[in-house]
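Please look over the structure shown here before reading on. The report starts with a pocket and then turns to the strands and helices.

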Amino acid sequence: MTRTLKDVKPGETVTIVKYHDTGDAGLKRHLLGMGFVKGAELKIKKVATLGDPIELSVKGYDICLRKEEAQNIEVE
């Protein structure tokens with residue numbers, strides 16, 4: 001079963017498996033530049049009450065992603 005970043009719960013640590021091609025190419029380049037590469041570990045810090053946005057930590061960065069952006073990142 002594949003799981004995307006939008007399905008992850010607070011407190012979990014996951015690893016990026018791949019990006020789906022349906023997302024924004026500019027955002028994908030930006031995230032890759034910040035360390036969102038295949039094999040990178042992401043720690044989910046918080047999820048807003050309605051599930052949007054998701055706050056996470058990767059390689060020393062804290063970042064918030066919207067659900068529509070997070071659904072394009074496959075994790076395990």
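## The largest pocket

In this predicted model, the largest pocket has a volume of about 170 Å³. A pocket, on a 1 Å grid over the protein atoms alone, is an open set of points where a 1.4 Å probe fits, with protein on both sides within 12 Å along at least five of seven lines, and lining residues have an atom within 4 Å of a point; grid points are joined across faces, edges and corners, and the volume is the space filled by probe spheres set on the points. Of the 13 lining residues, G23, D24, L27, K28 and N72 are the closest to the centre of this pocket. Two elements, α1 and α2, each give two or more residues to the lining, and α1 gives the most, with four residues. By class, the lining has five nonpolar, three polar and five charged residues, where Ala, Val, Leu, Ile, Met, Phe, Trp, Tyr, Cys and Pro count as nonpolar, Asp, Glu, Lys and Arg as charged, and the others, Gly among them, as polar.

Leaving aside neighbours within four places in sequence, N72 is in contact (heavy atoms within 4.5 Å) with K18, Y19, H20, T22 and G23. The phi of K59 is near 45 degrees, a positive value in a residue other than glycine.

Helices (H or I, at least four residues) and strands (E, at least two) are DSSP runs, numbered from the N terminus. Six strands form an open sheet in the order β1-β6-β2-β3-β4-β5, with antiparallel pairing, where pairing requires at least two DSSP bridges between two strands. At the edges are β1 (3-4) and β5 (61-65), each of which pairs on one side only. Strand β3 (residues 41-47) is joined by four bridges to the antiparallel strand β4 (residues 54-58), and K46 stands opposite E55 in β4.

Helix α1 (residues 25-33) lies across β2 (13-19), β5 and β6, and runs at about 135 degrees to β2; axes here are lines fitted to C-alpha atoms, for helices over the stretch in contact, and angles run from 0 to 180 degrees between N-to-C directions.

## Basis of the values

Residues are numbered from 1 along each chain as its sequence is written, and side-chain values use heavy atoms, with hydrogens and water left out. Local features need pLDDT of at least 70 and side-chain atom pairs count only at pLDDT 80 or more, while totals for chains, interfaces and linings use all residues.
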